[in-house]
Amino acid sequence: MISLIGILVGVSASLLTGDSNSTRVAKLQSDVSTLNHMVSLYLADGGSLAGLTTPQAVLDKMKRTRPQSEWQQHSGDVTGRLLDVRLRARMTSKPDDSNNPRAAWDRTKQRFVLNTATGNAVSEFYLDDSLVSADFGTESRTKSAYAFNSSSSGWVWGTSVASPAANYLDPQPFSSPNPTTAFDPDETTTASSGPPADSGGGSGGGDGSGSGSPSQPTLALLPMPLISPLGGTFAFNSFPTSLTLSTGGAPDNVSNLVYSINGGSWQPYSGTSIPVTPAMVIQARNETTRPAEYATSSTNTQTYYRLTSGFSGAGQGTWGNAIGGANLVTSIQNSGTTSVFKSGNTKLDLGNGEYLDAGVENSLTFTPATFGSIAPNTWFDFGAMQILNGTTFYNSEASGVTLSVNLNLTQPSVNVTTHVDLGLVSTTNTSDRLASADIVQLLNPTTDFTVNIDGVQYRLELQWVSLDPSSSVVQGNNLLVFEGATAAVELRARFTSNY
């Protein structure tokens, strides 16, 4: 009898142990499935689990709430919290003796997975009552993948004060044969382009009878009229003198062809040519005369710009606003047509009152050019420059200077002063000739000069052109002047249009 009881007890213990293991595994599988569902909701709600490596860190992140300011627009739990704050993960370093699966966090798949691998993993998820009052903080999430209401109130139906005619106690059902978008409480009703639908009844004779409301006919949109020639920007000699309109194929006797010039009143088109002036804007449309069958066409809009015939004039340069180091030395000669700017101390102190004078400072000489009938967007000679890379000491050379050019234009008749900002970079002399070259930078290749003619704005642009490659090289807006050389340079310009 005692032996039998011992056997029964052993069998019972074995069965109970197996049943307990099965229960724990089933619970873990259920918990993992639920948590993965919560992870999907959290990510869809704008949350992020990027960079998290441990299961507990993932759980604690999903315990956070949204800021209270976002609660009204949140479509899930009002606070945005997805997990009980008491939830914890019991970690073990290896599977148990029965090699039951454990839960691990897969950073790549962004979900919990079950496996029997070694290493730290979750043997069970449990509730820790000591965390019942824990605060895991708030977080502002990105835009949710699903929308609820973009209005400030957050209410679907609004208020009776805002819409006194609405009956919120008996809302009408919404149906659509092919709904393509979610409900939008801020959406406005699209205005009907046709006449209101009529209603009526009727009866038939003979072998049948019927009653009902006729369906609203679909209106045919009239074609947009044609304007010839089309608008655009024209050279001075190619600018059109007149234009004509046509209905674009609209049926006869169903519409009137009307037009408007420069935003003026609409007027019927008589069929004769319309004179074109620079910067003129013309609009045309086919207005329906049978609104029950046809809708007014779209509006055709064309604008006509005329480029000026050319620019003529000359300029006079003035140097100023030099900047440099604490020992800056400058000399400026602004007289006649040629302006000269020099900078730098050429004397090296040898001590005992003796000096070595290199005798050649850095200098820039500008001589403006006269130009005539220069077509827009065409490069021309703006002026000649001679740039000398001298020898200076004690950080006495200029690092920047402005060339102000007073432009006296005869075509068009206008006087404008434009400013050319130059950066001056003095490099250390080495055996490398190119690396030792001083740099003259064109800091504002698009200058501050602007002029408006016939509705078109023109701006002055500049660029370097080296006339002697043995003394200077152009690299974009930089002019490299070799050490000891005097570079002959052309400052080239063009008047560019905004159309």
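**Figure 1. Aromatic pairs in the predicted model.** The structure holds 15 aromatic pairs, counted where ring centres of Phe, Tyr or Trp (its six-membered ring) lie within 6.5 Å; planes under 30 degrees apart are called stacked, those over 60 edge-to-face and the rest tilted. Phe371 and Phe380 form a tilted pair, at 4.8 Å centre to centre and 45° between the planes. Both Phe371 and Phe380 are buried, a term for under 20% relative accessible area, with exposed meaning over 50% and partly exposed the range in between (1.4 Å probe, protein chains only). The pair of Phe393 and Tyr394 is also tilted, because the ring centres are 6.3 Å apart and the planes stand at 55°. Tyr394 has 39% relative accessibility and therefore counts as partly exposed. Ring pairs also link Phe311, Phe371, Phe380, Phe449, Tyr458 and Phe495 into a cluster. This is a predicted model, in which local features need pLDDT of at least 70 and side-chain atom pairs count only at pLDDT 80 or more, while totals for chains, interfaces and linings use all residues. Residues are numbered from 1 along each chain as its sequence is written, and side-chain values use heavy atoms, with hydrogens and water left out.

**Figure 2. Arginine side chains over aromatic rings.** Arg90 lies over the face of Tyr126, at 4.2 Å from the ring centre. Likewise, the charged end of Arg433 sits over the ring of Phe482, 4.0 Å from its centre. A charge is taken to sit over a ring if NZ of Lys or CZ of Arg is within 6 Å of the ring centre and within 35 degrees of the ring normal.

**Figure 3. The nonpolar cores.** A nonpolar core is a set of buried Ala, Val, Leu, Ile, Met, Phe, Trp, Tyr and Cys residues joined through side-chain atoms within 4.5 Å. The largest one has 40 residues, and those with the most contacts inside it are Trp319, Leu364, Phe382, Met385, Leu422 and Trp464. Strand β23 (residues 398–411) gives the most to this core, with six residues. A second, separate core has 19 residues, among them Val32, Leu35, Ala103 and Phe112. Leaving out residues up to four places away in sequence, Phe382 touches Phe366, Pro368, Ala369, Val405, Leu407, Leu460, Leu462, Leu491, Arg492 and Ala493; contact means heavy atoms within 4.5 Å.

**Figure 4. Surroundings of Asn389.** Asn389 is found in the loop between β22 (380–388) and β23. At 3% relative accessibility, Asn389 counts as buried. The side chains of Asn389 and Glu483 are joined by a polar contact of 3.4 Å. Such a contact is a pair of N or O atoms within 3.5 Å; within protein, one must be able to donate a hydrogen and the other to accept it, and residues adjacent in sequence count only if both atoms are side-chain atoms. Apart from neighbours within four places in sequence, the residues in contact with Asn389 include Asn362, Ser436, Asp438, Phe482, Glu483 and Gly484.

**Figure 5. Pairing of β30 with β22 and β27.** Strand β30 (residues 486–497) pairs with β22 in the antiparallel sense over eight bridges. In this pairing, Ala487 of β30 is the bridge partner of Ile387. Nine bridges join β30 to strand β27 (residues 456–466), and these two also run antiparallel. Here Glu490 of β30 is the bridge partner of Val465. Two strands pair if DSSP finds at least two bridges between them. Helices (H or I, at least four residues) and strands (E, at least two) are DSSP runs, numbered from the N terminus.

**Figure 6. The hairpin of β18 and β19.** Strand β18 (residues 347–351) and strand β19 (residues 354–357) run antiparallel and are joined by four bridges. Leu348 stands opposite Leu356 in β19. The hairpin has two residues between the strands, and Asn352 takes a positive phi near 55°.

**Figure 7. An open sheet of five strands.** The strand order is β7-β14-β12-β9-β10, with mixed pairing. β7 (232–234) and β10 (267–268) stand at the edges with a single partner strand each, so one side of each is left without a neighbour in the sheet. Strand β12 (residues 280–288) pairs with strand β14 (residues 300–306) in the antiparallel sense over five bridges. Ala284 stands opposite Asn300 in β14.

**Figure 8. Helix α2.** Helix α2 (residues 55–62) is mostly covered, with six of its eight residues buried. These are Pro55, Gln56, Val58, Leu59, Lys61 and Met62.
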